[in-house]
Structure formats: structure tokens, C-alpha cells
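This report walks through one model, starting at the ligand and moving out to the sheet and the loops.

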Amino acid sequence: MSLTNIGMKNLLIINASPRGERSVTRRLTNLFATKWIEAHPDYAIHHREVGKEGIPHVSELWIAAAAKSAELRTEDEANELKLSDQFIAEIKAADVIVLGTPMFNWSIPSALKAYLDQVIRANETVKMRPDDPQNPYRGLLKDKRVYMFFSRGNAGYEKGEYFAHMNFQADYLKTVFNIMGLTEIQEIALNGSAFDKRIYEQSTKAVYNKIVEMASNGKIGA
Ligand SMILES: Cc1cc2nc3c(=O)[nH]c(=O)nc-3n(C[C@H](O)[C@H](O)[C@H](O)COP(=O)(O)O)c2cc1C
């Protein structure tokens, strides 16, 4: 993200799907961003395409580097953290974060996990408190709203539904954003693309309407 948009606020869109135009979640994040800008013209939009960028997994060098303070790192260690530094600067600069992600194998795409492993970093986005085992994380991000858009081929994953116990996507993501200090989270899911076309079309319309409302008001029903 360019940090040079003086006077503008930042809307960061994180797309986790590897798909382009066919992607359901990308359509949801695009619709939200379009409507958000109509209602909030003082925002600049930035994209982080985690599903397409081939983000590396953390390495042994990365782990050693992240455990040290910046002035003690070797040149190799500092280089190993460059991408992480860039992602963290970008997420810190965001006023609003819009995350679109498919469910992959009842969880999140590994590309999004690789991104989160680069971003959830001690003393950067979370402070560890070993003296307080029941409350060991203090989030270092603040004052950001997060909007999460989920898509799943099947349905029945919401709380109380028949596949809720197999949803390792939504609660996981909300938990890690909470740990980084972000608790103002709204979510919408579009489920069931693989099943009844008529029901899916109805769900799509309802979800699009909710997104338009959420982008205009900041919340559904606000
Ligand atoms: C590798 C892979 C794994 C998937 N795993 C699940 C799953 O566990 N449960 C489910 O309901 N749908 C699953 N799906 C379907 C996707 O969640 C669904 O097609 C979603 O719309 C994809 O997001 P996108 O359109 O933004 O790419 C999977 C799709 C792929 C390609």
C-alpha cells in the first residue's frame, strides 16, 4: 500500500481466492468497495491479492529474526522479514479492512494462512504476556473496522446449523483478528453455490442487498 495518500483514509481489500472473475468472494469485496467509496469518498482503495501472490511460508530464518529486536538482526534476517514488514505496515495504515475468503477444506486457503503467519508477529501486531497465561495476548492494532466476506460451496455452516461444527473458517479468522486487537468485525457469508441454483440466486440477492446496506451504513441495520 502506498502511504502517500495524504488526507485520505485507507480501505485495504484482502482477497484470498486464487480465482479472478469467477470468484464469488472477489465479487463481494468489489461490490462492498464500490458502495463504500460512493458513501465515503475520502477513502483510497488498496488491494492485497494473497490468493495470487505466492506468499512464502515462514522459515527458520524468519522465526529467528522475528524473535530479535530490529537492531540485533543480521542483514539476512532483516531481509527475511521484509515482506512481513510490508504487510504489517499496510495493515497498520488501513482504517478499514475488507477480507474476502472462500472456505477451502472446512478452513481457510493456505495462501491466507501464509499471509496471516507473516502478519501476526510478536511486538508488531501482538504483544505476548507470559506473566498472564489466561490473557496472554495484547493486540497492537486498533481503530480499524473489519468486514469479512465468506463463500462456501455447501450451506449449513452458520451457528446452530448442521455443519456449524465443521466451520473452521469464520471463528478462526475472527479469533486471530481479535488477538491482533481488532474486535469491530462484521461478517457476511454467501453459501451453497454447489447446490440448488434457485435458492443460491435468492441468497445471492439477499447478500448483495446486505452488502450495499453495510457499505452505506457501516453496519447491517445501523
Ligand atoms: C480446494 C477447494 C476446497 C473447498 N472446500 C470447501 C469446503 O470445505 N466446504 C465448502 O462448502 N466448500 C468448499 N469449496 C467451495 C468454495 O468454498 C466455493 O466454491 C467458494 O465460492 C470459492 O470462493 P471463490 O469463488 O471466491 O473462489 C472448496 C473449493 C475448493 C476449490
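## Ligand contacts

An oxygen atom of the ligand sits 2.6 Å from an N or O atom in the side chain of serine 23. Threonine 25 also reaches the ligand: an N or O atom of its side chain is 2.5 Å from a ligand oxygen atom. Asparagine 105 uses its backbone, with an N or O atom 2.8 Å from a nitrogen atom of the ligand. A polar contact here is a pair of N or O atoms within 3.5 Å.

On its own, the ligand has 640 Å² of accessible area, and the protein covers 74% of this. These areas come from the Shrake-Rupley method with a 1.4 Å probe.

## Basis of the values

The model is predicted: local features need pLDDT of at least 70 and side-chain atom pairs pLDDT 80 or more, while totals for chains, interfaces and linings use all residues. Numbering starts from 1 along each chain as its sequence is written, and side-chain values use heavy atoms, without hydrogens or water.

## The shell

Helix H1 (24-39) and strand S6 each give two or more residues to the shell around the ligand. Helices (H or I, at least four residues) and strands (E, at least two) are DSSP runs, numbered from the N terminus. Of the 15 residues around the ligand, Ser17, Ser23, Thr25, Met103 and Ser151 come nearest.

The shell divides into six nonpolar, seven polar and two charged residues. Ala, Val, Leu, Ile, Met, Phe, Trp, Tyr, Cys and Pro count as nonpolar; Asp, Glu, Lys and Arg as charged; the others, Gly among them, as polar.

## The sheet

Five strands form an open, parallel sheet in the order S2-S1-S3-S6-S7. Two strands pair if DSSP finds at least two bridges between them. S2 (43-49) and S7 (185-191) are the edges; each has a single partner strand, so one side of each lacks a neighbour in the sheet. Neighbouring strands are turned by 15 degrees against each other on average, direction ignored.

S6 (residues 145-152) pairs with S7 over seven bridges, in the parallel sense. Tyrosine 147 has glutamine 186 in S7 as its bridge partner. Helix H6 (residues 170-179) packs on the sheet, touching S3 (96-102), S6 and S7. Contact means heavy atoms within 4.5 Å. The direction of H6 makes about 160 degrees with that of S6. Axes are lines fitted to C-alpha atoms, for helices over the stretch in contact, and angles run from 0 to 180 degrees between N-to-C directions.

## Positive phi

Most residues other than glycine have a negative phi. Asparagine 123 has a positive phi of about 70 degrees. Asparagine 123 lies in the loop between helix H5 (110-119) and strand S4 (126-128). Aspartate 143 has a positive phi of about 55 degrees, in the loop between strand S5 (137-139) and S6.

Terms used:
A residue is near a molecule or strand if one of its heavy atoms lies within 4 Å of it. A polar contact is a pair of N or O atoms within 3.5 Å; within protein, one must be able to donate a hydrogen and the other to accept it, and residues adjacent in sequence count only if both atoms are side-chain atoms.
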